[in-house]
Amino acid sequence: MGKTKHTGPVKLDRTPKPALWVSAAPLGLGKVKPRHIRDTLKALYENRDNLPYAYRILTKGVCDGCALGVSGLRDRTLTGPHLCTTRLNVLRLNTMPAIEPHWFEDVEKLRAMDSASQRRLGRIPYPLIRRKGENRFTRLTWDEALDRIAAKIRSVDPKQLAFYWTARGITNETYYAAAKAARFLGTNHIDNASRICHSPSKTALKRSLGIGASSCSYKDWIGTDVLVFWGSVAANNQPVSTKYMYAAKKAGTKIVVVNPYREPSMERYWIPSIAESALFGTKIADEFVQVNIGGDIALMNGVMKTWFEMEKARPGSAIDRAFVNAHTTGVEDVRRHVASLDWPTLERSSGMTREKIADFARLLAAAKTGVFVWSMGLTQHRFGTDNVSQLANLAMLRGFVGREKCGLMPIRGHSGVQGAGEMGAEPMSLPGGGPIDDESRRRFEALWGFPIPDWQGDIVGLSLENALLPDGHERRTRVFYTSGGNFLETMPKPDFVRRCLESVELRVHQDIILNTSTLADAREEVIVLPAMTRYEQPGGGTSTSTERMVYFSPEIDGPRIAEARAEWDIVTEVAARVKPEMRGKIRFRSAQHIRDEIAAAVPYYDGIQHLAKAGDVFQWGGAWLCEDGECPTADGKGKLLPIQLPELRKPEGHFRVTTRRGKQFNSMVYAAVDPFNDAKRDDVLLRPSDARELGIADGEAIVVYNRSGTLYGRAKLAEMAPGNIGVYWPEGNVLFPKGVYEPYAGIPEYNGTAIVEKAETFFAFKDTRYAERRIAELDVGTE
C-alpha cells in the first residue's frame, strides 16, 4: 500500500488552445457527434414528474453510472461541476413510478417488447410469483415470498444454490452482506458483474504486482508524458473522463489509443462543460495503433523485443534498469522469451509491421512517465489475464509503477463493480480479496461465528450451465438468486443461456425493473423481489471508484416504491429464514452496522465506518499502490512474466470479430443509432478495402456467421484494422461460443472469427445447410 495521500482536485486550465480544436464550425455543425444539449433536454422531459428528486440525486448522490467517482457534481480529480449524458440516461431508473399492475397479467405481451420498452414500464412495485405454465405474475406478500424462497433453499444441497450480483448501483454494504449470506447458507457459488468485464484485470494484477485494483489515480493522467488507452473507449463509456483527457492535453500529455477500430470518440470530442471544447471540439488522441483483435500480446512482445534490442545497442535507452533490478524478478526470462520470437510471427499475429511496432516501442521508451488504461478490449478474451500481465510487464520495464503520473488502471464501467470482489461477492475470495484458504476461513469463521465452505465455488457461467446437469447431480443448479443482471443480453450464445435459465427450479430476481431474463420460464417458479436503489437505501451506502476512492452516498428524500426494500436487507432476511436458529449471526441492524463490520473484516477498508454524510470519501491504499516499487508480494517485488502468443487461427475467408458499445449503459441500450459514428445497432463495421474485396457496398445487407450463430446486418464502412470487423454488443453475442472461459479469471470469450457474405448470396441458396457446409469447409481448426 502507498503512503502518499491524494491531494484533492486540481483546477482545470481553460485557456483556449486553437491547436486542439477539431473545427472552427461552432458546436460541431455538420459533424457526427453526440448532441449533449438535446440529450439533456430529453432527460429533463423524461424526469418531469420528479424533477426536484432528480435534482437532489444529481447534486447529492454518488453517480450510479461509471466508476469515475463523481459525488454530487464533484470529483477528486478536477474542480468544477461534472455531469454526463450517461448519468442522465440512467437517472430515470431512480425516479420513475411503479409498473401499472395490468402489465403483469400477460407475460407474452411483455415478451413481445424489447428491453428498452420493458424498462420504460417502470419499477417493480411488490413481490411477484409466476409458476410453471402460468402466463401471468401474481402478487405475493413479503412474508410469503421470503418463506417460499427460504423453504426451497432448505430443500437443496448448498452446492445447488448460486447467487449473482450485478453492478447496477449496488453498494459495498450489499455486496458484503450478500457474500456473508452465501457463506452462511453454505455455498461459495456467488459471483458478480466483473466476471464479464474486468475479472482478468484483478487476477493479472494480483499475480504480477500483488494488487487487485488501479495502481494510480485519475490525476496521474494530467501531465504524464504518455497516456495509453488499450482496448478502451473511455470517451463513450466514461464520458466525464474526456475532461481529464482535455486537462492532460493542456499539460502536454501525448494520448495514444491501441485498438482495432479508429474510434471516433477517442479521436475528437465535444466536451459540453468546457466552453472551448463544446464550441470547437477537442482533438483527443495523438496516435492510433491499430492492432488485430487478439493481437495485443504479439504487439507487446514486439515492443519488448525492440526495447531489448535498443538496450543492447545503448544501455538505458529503453528499460529502467534501476527499477527493474531493484523491484522486479524474471527480467532474464522475459528477455529470452521475446528473443525467441521471430518478427514474421509477431507481425502476423499483431497485424502490424515491424516498423510500426518499433515506432510505438520508441514512443514509450522516450517517455519518462506513463499511465496505461485498459478495458474490455484486453479483458474479454480467453487469454485476458495474459493480456493484462503483459501490460504490467511493459509498465515494470519502464518503471511506470508506484510514482506520480505513472500507473496501471483497469477503468471500471460501473460505479458498483470495483467493490464487489473486495467485499467477497465472488467464488474465489472472501472479503478483502484473499483466497479461500484455511487461514482465511479460520479468520472469517471467528469473525462471523459460522463455518465457511471449503470447496471451490463456480463462476456465474458455470452456475448457469450447471442447471443442465442431470437430476440428482450434487452441483445441478436448482436455485438461482440474481440481483439484477440480464444474462440473455450479456452472455454469449443467448439461446443456450435461455435453456439454462429455464432449467432452474426456482429463480429469484431481485431488481428494480423487469428485463428479458426475468420473463424466462422456470421448472417450478420465478419469484421477483422489488429492490431499492442506492439513493433509497436507509442509512445510505458506499461505492468504490476505479481509483479506489470509497464514497458515501446518502439516502435522498423523495418518492418511494412502497414495498421496495434495501438489497442487503432482503438477502440477509432470506438467509435468516433458512436458518432461524442462527438468525442473529446474519441480520444487520443498519447500513452503519455493515460498515462497522467491513472495517473489521477488510483492514484496508478501515475508514469506511466513518463515512456518514454526502461528500465523505477516503482512498484506500493511498495515491499510488506499489509506491516506490514496493509491491505487496511475498518478496516485495513485481513479477515479470514471459507471456506466450495465443493461438489465433483465422481460416481462409474469415474475419476476426469483436464487439463494441454504442449509446448504452452496459446492456441497456438508449438509442438505435451510435452518436459517434452514425451506425445502427445491426451495422457491421468493415474496412473499405475488405468490403471492396467482397464486393460489398456501404449500407448493403450482409450476413455474418460461424459455428456459434448468425447475425443479419448491414455493412458500415469504418476504419477497422484489415481483416477485422466490429459488431455491437449485445446484438453480436450470437457469434460467440458457449462454455469458453478464460482459464484464470473465468471471463467468457467475446471474440472469434466469422464469415462475412452479401445477404443476397447467403439467401440465394435454398438449401438451408449452405452455411453449415461453408463453415465446415472454412472453419477447420478454429478455437
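Predicted model: local features only at pLDDT ≥ 70, side-chain atom pairs only at ≥ 80, totals over all residues.
Local features need pLDDT of at least 70 and side-chain atom pairs count only at pLDDT 80 or more, whereas totals for chains, interfaces and linings use all residues. Residues are numbered from 1 along each chain as its sequence is written, and side-chain values use heavy atoms, with hydrogens and water left out. Helices (H or I, at least four residues) and strands (E, at least two residues) are DSSP runs numbered from the N terminus.

Six strands form a closed barrel in the order E20-E26-E23-E25-E24-E27, with mixed pairing; two strands are taken to pair if DSSP finds at least two bridges between them. From one strand to the next, the twist averages 45°, where axes are lines fitted to C-alpha atoms, for helices over the stretch in contact, and angles run from 0 to 180 degrees between N-to-C directions. Strands of a sheet pair through backbone hydrogen bonds, either parallel or antiparallel. Tyr 705 has Ile 755 of E27 as its bridge partner. Strand E20 (residues 654-660) likewise pairs with E27 in the antiparallel sense over four bridges, and here Phe 655 is the bridge partner of Ala 754 in E27. Because five of its seven residues are buried, E27 is largely enclosed by the rest of the structure; buried denotes under 20% relative accessible area, exposed over 50%, and partly exposed the range in between (1.4 Å probe, protein chains only).

Strand E5 (residues 226-230) runs parallel to E6 and is joined to it by five bridges, with Val 228 as the bridge partner of Val 256 in E6. E6 also runs parallel to strand E9 (residues 287-289), to which three bridges join it. In this second pairing, Val 256 stands opposite Glu 287 in E9.

Two helix pairs were examined. Helix H1 (residues 36-46) packs against helix H3 (residues 85-95) at an angle of about 20°, the axes being 9 Å apart. H1 and H3 are therefore roughly parallel to each other; angles under 35 degrees count as roughly parallel, over 145 as roughly antiparallel, 65 to 115 as roughly perpendicular and the rest as oblique. The contact (heavy atoms within 4.5 Å) is made by His 36, Asp 39, Thr 40, Ala 43 and Glu 46 of H1 and by Thr 85, Leu 88 and Arg 92 of H3. The crossing of H1 past H3 is left-handed, a term applied if the near helix is turned anticlockwise from the far one by less than a right angle, and right-handed if clockwise.

In the second pair, the axes of helix H21 (residues 438-448) and helix H25 (residues 591-601) lie 11 Å apart, at an angle of about 150°. This makes H21 roughly antiparallel to H25. The crossing of H21 past H25 is right-handed. Arg 443, Phe 444, Leu 447 and Trp 448 in H21 meet Glu 597, Ala 600 and Ala 601 in H25.

Individual loop residues were also considered. Asp 674 lies in the loop between strand E22 (668-669) and strand E23 (683-686), and counts as buried at 3% relative accessibility. Its side chain forms a polar contact of 2.7 Å with that of Tyr 728; a polar contact is a pair of N or O atoms within 3.5 Å, and within protein one must be able to donate a hydrogen and the other to accept it, with residues adjacent in sequence counted only if both atoms are side-chain atoms. Beyond its neighbours within four places in sequence, Asp 674 is in contact with Arg 660, Arg 661, Gly 662, Ala 679 and Tyr 728.

His 414, in the loop between strand E12 (407-410) and helix H20 (418-422), is buried with a relative accessible area of 5%. Not counting residues up to four places away in sequence, His 414 touches residues including Asp 64, Cys 66, Arg 168, Phe 665 and Asn 666. By contrast, Ala 634, in the loop between strand E18 (617-619) and strand E19 (638-639), is exposed, with a relative accessible area of 89%.
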